[in-house]
Amino acid sequence: MFTAVEFASRLIEFNSVSHLSNVAVTDQVEEWLRGLGFACERLTYLDAAGVCKTNIIGKLGTGTGGLGYFAHTDVVPADDWAIQEHGPFTPIVKEAKLFGRGSTDMRGSIGCLLAAVSLLSSRTFKQPLYFCCTADEEVGMQGAIQVAAESALFKEMVEHHTPSIIGEPTKLEVVYGHKGGCAFKATSYGIAGHSSTRHGVNANWKMIPFLSEMKALYEELETDPKWRNAEFDPPTMTLNLGINDHMQAINVTPPQSVCTVFFRPVPGVDITPIIERCAAAAKANDVTFELRVRSEPMYVDPNSPFVQQCLEFVSSPQPKTVSYGTDGSKYGALKQMVVLGPGSISQAHTNNEWIELDQLNRGTDLYRRMIEKWCLS
């Protein structure tokens, strides 16, 4: 089979931006898995736009427990790709780096896991290795939601308390917790009209009282200790707000004004009162409210046996937290879980995305040793 860079390069060639189908890249992953001896379970759904999406879950070996690995096959758009010599879906190796959309997030990680299994293909798996690749991680985690709800192999992992890895980029450091995500859309409606008359109703004026309440909420979340978690940097939920009335002309009263709000819940804090407060503010100001995303934080005890065992495989002596989110938000039924993968999150989603070859080599070795411990010994 291939090395990690070869697996990752082949995956980069698939344009599976989240609004497109990921069926083709999933077909390729399934082909590799079956070639390595995995039994595969496939779950398919249509997204909100009617686009076919697929999750693949594989199992190699017998027994119970073992080790689980989770990844995703969708990538973010590459419309602003900055490298002139090649496009985002043409993998290029130069300067000891692999360039291409998804190289860091997270096709390099998938390549490491597949390469590690390839190196162990002649060995007998006494405990199972589970491999899961989902759709839509970047846009709501619908794939992970389906896996957690419908996958027989996932239920098997939960039943047998299988320790698991989310392979997102951490520079091969052990992450025991990350923030969640909560997003909603608020819309005010007016009446379009020529701005020289009084026939229109400007939706932006109607939105301003609601925005004032969101500003007060933002300041409270940034300053009140009850909304913080000191294990994170930053320790706050970093509420972010956007405004758009979709108007091109300056002499037309906008018939609608759209406010989007996104914040990152921290472990140990119930955000239900925040959501209820925002919904009540919208209703009081004649603004519609639509909750679009609510993903819980991921958190395991940093002193737990599994976290401490993972630290034995890496160079960093302490586990850490991160402020971004993963599919781990939807896998709360798994009680032994860390985020651990090659590459840096600072390179994810960039317009020249790359991953160091050294990270791919070290990631392959790390995953190989972990598989040996949990699946072969």
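**Rings, sheet and core**

Author: At 8% relative accessibility, Y176 counts as buried (under 20% relative accessible area, with a 1.4 Å probe and protein chains only; exposed is over 50%, partly exposed in between). This is a predicted model, in which local features need pLDDT of at least 70 and side-chain atom pairs count only at pLDDT 80 or more, while totals for chains, interfaces and linings use all residues. Residues are numbered from 1 along each chain as its sequence is written, and side-chain values use heavy atoms, with hydrogens and water left out.

Reader: Which ring does Y176 pair with?
Author: Y176 forms an edge-to-face aromatic pair with Y299, at 5.5 Å centre to centre and 75 degrees between the planes. Rings of Phe, Tyr and Trp (its six-membered ring) pair if their centres lie within 6.5 Å; planes under 30 degrees apart are stacked, over 60 edge-to-face, the rest tilted. Y176 is in strand β8 and Y299 in strand β13, 123 residues apart. Helices (H or I, at least four residues) and strands (E, at least two) are DSSP runs, numbered from the N terminus.

Reader: Is Y299 buried or partly exposed?
Author: Y299 is partly exposed, at 38% relative accessibility.

Reader: Switching topic. What is the strand order in the open sheet of four strands?
Author: The order is β10-β11-β9-β12, with antiparallel pairing; two strands pair if DSSP finds at least two bridges between them.

Reader: Which strands stand at the edges?
Author: β10 (240–244) and β12 (288–295); each has a single partner strand, so one side of each is left without a neighbour in the sheet. Five bridges join β10 to β11, and N244 stands opposite V258 in β11.

Reader: What does helix α6 touch there?
Author: Helix α6 (residues 203–223) packs on the sheet and touches β9, β10 and β11. Contact means heavy atoms within 4.5 Å.

Reader: And the largest nonpolar core, how many residues?
Author: That core has 53 residues, and F131, M370 and I371 have the most contacts inside it. A nonpolar core is a set of buried Ala, Val, Leu, Ile, Met, Phe, Trp, Tyr and Cys residues joined through side-chain atoms within 4.5 Å.

Reader: Which aromatic cluster includes F131?
Author: F131 forms one aromatic cluster with F38, Y69 and Y367.

Reader: Last one. Where does the charged end of K97 sit?
Author: Over the ring of W354, 3.9 Å from its centre. The rule is NZ of Lys or CZ of Arg within 6 Å of the ring centre and within 35 degrees of the ring normal.

Technical notes: Axes fitted to C-alpha atoms, helices over the stretch in contact; angles between N-to-C directions.
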